[in-house]
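Keep the viewer open while you read.

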There are 2 protein chains.
Amino acid sequence: MSSSASKIIVYGGRGALGSAIIKHFKAKNYWVGSIDLANNDEADANILVAPDASWTDQEKAVLADVAKVLDGQVLDAILCVAGGWAGGNAAHADFVKNSDLMWKQSVWSSVLASAIASKHLKEGGLLTLTGAKPALEGTPGMIGYGMAKAAVHQLTKSLAAGDGGLPKDSSVLTILPVTLDTPMNRKWMPKADHSTWTPLEYVSDMMEKWANKEERPASGSLVQLLTEAGVTKLVLA
Amino acid sequence: MSSSASKIIVYGGRGALGSAIIKHFKAKNYWVGSIDLANNDEADANILVAPDASWTDQEKAVLADVAKVLDGQVLDAILCVAGGWAGGNAAHADFVKNSDLMWKQSVWSSVLASAIASKHLKEGGLLTLTGAKPALEGTPGMIGYGMAKAAVHQLTKSLAAGDGGLPKDSSVLTILPVTLDTPMNRKWMPKADHSTWTPLEYVSDMMEKWANKEERPASGSLVQLLTEAGVTKLVLA
């Protein structure tokens, strides 16, 4: 890998948002690594996560692979956009199963991205995580999802504190989308008002600015992405 | 079991607070069930949790045992006081391991208590969970602990909503202790100011009142237990 190119890792680089981010940063000549369950062929390096491994086993494998790929070089940004969705209240037959799944998809990935940042992010670098606006309040119809996202929100506050373990002067910012304009969301919600969905290119462009220290909100911010009539505004929670 | 006695289950009935609560409610002639890793001999029934089982396997076993013990009768209250503590920021060697442990100790138990409540709590009954005041903000020195407790706080809000899955008119209240006056805390912090620690008997007495619909705060409340000079005040977060 070139030692002069700017470098980022996308955790969840095979998903809809992750793929859009990788495409965007590649077009800007970044070196891009992807961490996911499957390869993203546009990435310069791919690190695969074993979905059935324990959290600590994933940690060992992912950290070893990242160290090997970076070979002592540092990252400008780590962008964690892994996640998923499942519903259900406390009386739902899959309440526990879905809570477990949501924790693994959102919190395992966010924590592992944070661990990577503590070791490989440059001073003044950027870590982004992915929360959810609804989890700022109760989410009775999707309890497991809300718990996991609330944990990510609180993790953001912990990491932003001076002794949270991230490199000096780095920033942690968590995006709180409402609905992202992905092919999957279009498929499942064909009749929704798509003008209120946030375009993936908007998010990618915003993250590139933040990575370059442009328009970067204060570290620890929960950044709501509010889209109306196709226009997205950032509102700090 | 007597069908006329008031009935509660304490999740974490073998811990310091759980044991105090069981002693208190037994003295008031309640039927008391305990769920924990080991038996509480003062309880009328004990349900043991297999610590190495998966979350869904724990769910299956615990729900089956509770249904068998209750045999169609309903509970006045389910009091979840299971939990634990571990420190570490994102750069700590045990960051992931401790985050995993905190999730299992605080969130697995809280979610299973909620699932029990959805099936066996009486209408107008009481579910209590255990959060932590520090987790209302960032907790950089104990990130895993903060994430788990923040999830419990958000779970509280979800359960309190009308369609959260709890029985009609029931209440969910989460206590946010600062430091409880337990033998273990006395052992590890012998020189701390114990007059700011919350006595277990205070908490037990408060829970009995809540179970009897006396002085019960609004469902969904996060109830901080603030103790100064030996006097405890309840302050809603």
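Predicted model: local features only at pLDDT ≥ 70, side-chain atom pairs only at ≥ 80, totals over all residues.

A quick word on exposure first: a residue is called buried under 20% relative accessible area, exposed over 50%, and partly exposed in between (1.4 Å probe, protein chains only).

Residues are numbered from 1 along each chain as its sequence is written, chains are lettered from A and ligands numbered from 1 in the order in which they are written, and side-chain values use heavy atoms, with hydrogens and water left out.

**Salt bridges**

How many salt bridges does a search of the whole structure find over all chains? There are 16, where a salt bridge is a side-chain nitrogen of Lys or Arg within 4 Å of a carboxyl oxygen of Asp or Glu.

| Pair | N to O distance |
|---|---|
| K26(B) and D44(B) | 2.9 Å |
| K60(B) and D57(B) | 3.4 Å |
| D76(B) and K122(B) | 2.7 Å |

Take D76(B) and K122(B), whose side chains meet at 2.7 Å. This pair links distant parts of the chain, with D76(B) in strand β4 of chain B and K122(B) in strand β5 (residues 121-130), 46 residues apart. Helices and strands here are DSSP runs, numbered from the N terminus (helices H or I, at least four residues; strands E, at least two). D76(B) is buried at 14% relative accessible area, whereas K122(B) is partly exposed at 27%.

The K26(B) and D44(B) side chains form a salt bridge of 2.9 Å, N to O. K26(B) sits in helix α1 of chain B and D44(B) in the loop between β2 and β3 (45-48), so the pair ties together parts that are 18 residues apart in sequence. D44(B) is partly exposed, at 38%.

An α-helix has 3.6 residues a turn, so residues three or four places apart point the same way. K60(B) is exposed at 57%, and D57(B) is partly exposed at 40%.

**Helices and what covers them**

Helix α2 of chain A (residues 55-70) has 16 residues and reaches 22 Å from its first C-alpha to its last, close to the 22 Å expected at 1.5 Å a residue. The expected span is 1.5 Å times one less than the number of residues. Buried in α2(A) are W55(A), Q58(A), E59(A), V62(A), L63(A), V66(A) and L70(A). Seen down the axis of α2(A), these fall within an arc of 120 degrees, so they line one face of the helix; the arc is that of the directions from the helix axis to the C-beta atoms. K60(A) and K68(A) are exposed on the face turned away from the buried side. The cover over the buried residues includes α3 (95-120) of chain B as well as β1 (7-11) and α3 (95-120) of chain A, with contact meaning heavy atoms within 4.5 Å.

Over in chain B, helix α1 (residues 16-27) has 12 residues and reaches 17 Å between its first and last C-alpha, close to the 16 Å expected. Its buried residues include L17(B), I21(B), I22(B) and F25(B). Among the elements covering them are β6 (171-177) and α6 (200-211) of chain B.

H120(B), in helix α3 of chain B, is buried at 14%. It touches V66(B), A67(B), L70(B), V74(B) and L75(B), not counting residues up to four places away in sequence.

**Positive phi angles**

Where does the backbone take a positive phi just after α2(A)? At D71(A), with about 50 degrees. D71(B) also has a positive phi, near 50 degrees; this residue lies in the loop between α2 (55-70) and β4 of chain B and is exposed at 64%. N29(B), which follows α1(B), has a positive phi near 70 degrees. E215(A) is not a glycine, yet its phi is positive at about 55 degrees; E215(A) is exposed, at 61%.
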